[in-house]
Amino acid sequence: MATENQTSAEYIQHHLQNLTFGQLPEGFERVDHHGKVVETLTDSAWTIAHNAAEAKAMGFWAFHLDTLGWSIFLGVVFLYLFRKAAIYATSGVPGALQNFVELMVEFVDTNVKDTFHGRNALIAPLALTIFVWVFLMNLMDLVPVDWLPLIATNIGIPYMKVVPTTDPNATIAMALAVFGLIIYYSIKVKGVGGFVSELTLHPFNHWSLIPFNFLLEFVGLLAKPVSLALRLFGNLYAGELIFILIALIPVWWAQWFLSVPWAIFHILIIVLQAFIFMMLTIVYLSMAHEDH
């Protein structure tokens, strides 16, 4: 809920701003909340941005500390839970954690066997990691929007976005990692010549149509990481924005009346987007292993 000193626009902007660490250029004027200049930098300085203007001035080589921190933390949670289940696995009556892990492994393994037609021991572990990790990152969207940012503000941290998949930097980074694997296995399985032929001699196998073929295939190739990244980012960002808008309602019972049904529906989005990211990764890597 917005405070007395915040307008609705300021509240939304605050919740959508990442905790950014980067280098402010020499001569940059730092201002307070009222727009008054409080400091002019005599030298460039690495620091945490205290407003959107500072984050913008830091440019490309800035780091979103909240996205990195929550991504790493949730990755560690994933590794800890699955390792714990593996260590204490029993052939007798399994516990809740073992049941959950076995269900996830069987679910992913079934989808990989049904979709991936090559032979590669990396695909199933990669698919499992993507599904569970993205699911955990998406799941943070169900934490009430004011809780963690308020805690962060009270300990002196100006911004805190807790859903890594609402940051396009995170989704694009994951998509580029998958894209790198697509290129690697395309060249490994088909060879450089086969990979180039696929880009230049399909769908029309004639030398005169090579430019046209290349345009079609290259656009299709680039569309893979773009679709992976923007689909996940767009759905989670929209969901988070709706939670923020609901939090602006001044009446608490109206907030609960709207947020609870949306949260229940959003559970489907959280699971579905993790599943789609995983399945598209499997499909794209299967295509990379097809040697025509």
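1. Start with the greasy surface: W46, F60, W61, F63, L65, L68, I72 and V76 together make a nonpolar patch of about 920 Å². Keep in mind that this is a predicted model. If you want to find the patch on screen, look for helix α3, residues 65–87, which gives the most to it, with four residues.

2. Is V76 buried, exposed or partly exposed? Its relative accessibility is 49%, so it counts as partly exposed, because the exposed class only begins over 50%.

3. Next, how α3 sits against helix α4, which covers residues 96–115. Their axes come within 9 Å and cross at roughly 105 degrees. That angle makes the two helices roughly perpendicular, since the class runs from 65 to 115 degrees.

4. Which residues make that contact? On the α3 side you'll find L81, F82, K84 and A85. From α4 come L97, Q98, F100, V101, M104 and V105. If you're setting up a selection for this crossing, those are the names to type in.

5. Last, T115, which is also in α4. Its relative accessible area is 16%, so T115 is buried, the limit being under 20%. What does it touch, once neighbours within four places in sequence are left aside? The contacts of T115 are then M279, I282, V283 and S286.

How values were computed: Residues numbered from 1 in each chain as written. Predicted model: local features only at pLDDT ≥ 70, side-chain atom pairs only at ≥ 80, totals over all residues. Heavy atoms only, no water. Patch = residues over 30% accessible without salt bridge, like charges linked within 9 Å, V, L, I, M, F, W, Y side chains within 5 Å. Areas by Shrake-Rupley, 256 points an atom, 1.4 Å probe, with all protein chains shown as cover. Salt bridge = Lys/Arg side-chain N within 4 Å of Asp/Glu carboxyl O. Buried < 20%, exposed > 50% of the residue type's maximum accessible area, 1.4 Å probe, protein only. Axes fitted to C-alpha atoms, helices over the stretch in contact; angles between N-to-C directions. Parallel < 35°, antiparallel > 145°, perpendicular 65-115°, else oblique. Contact = heavy atoms within 4.5 Å.
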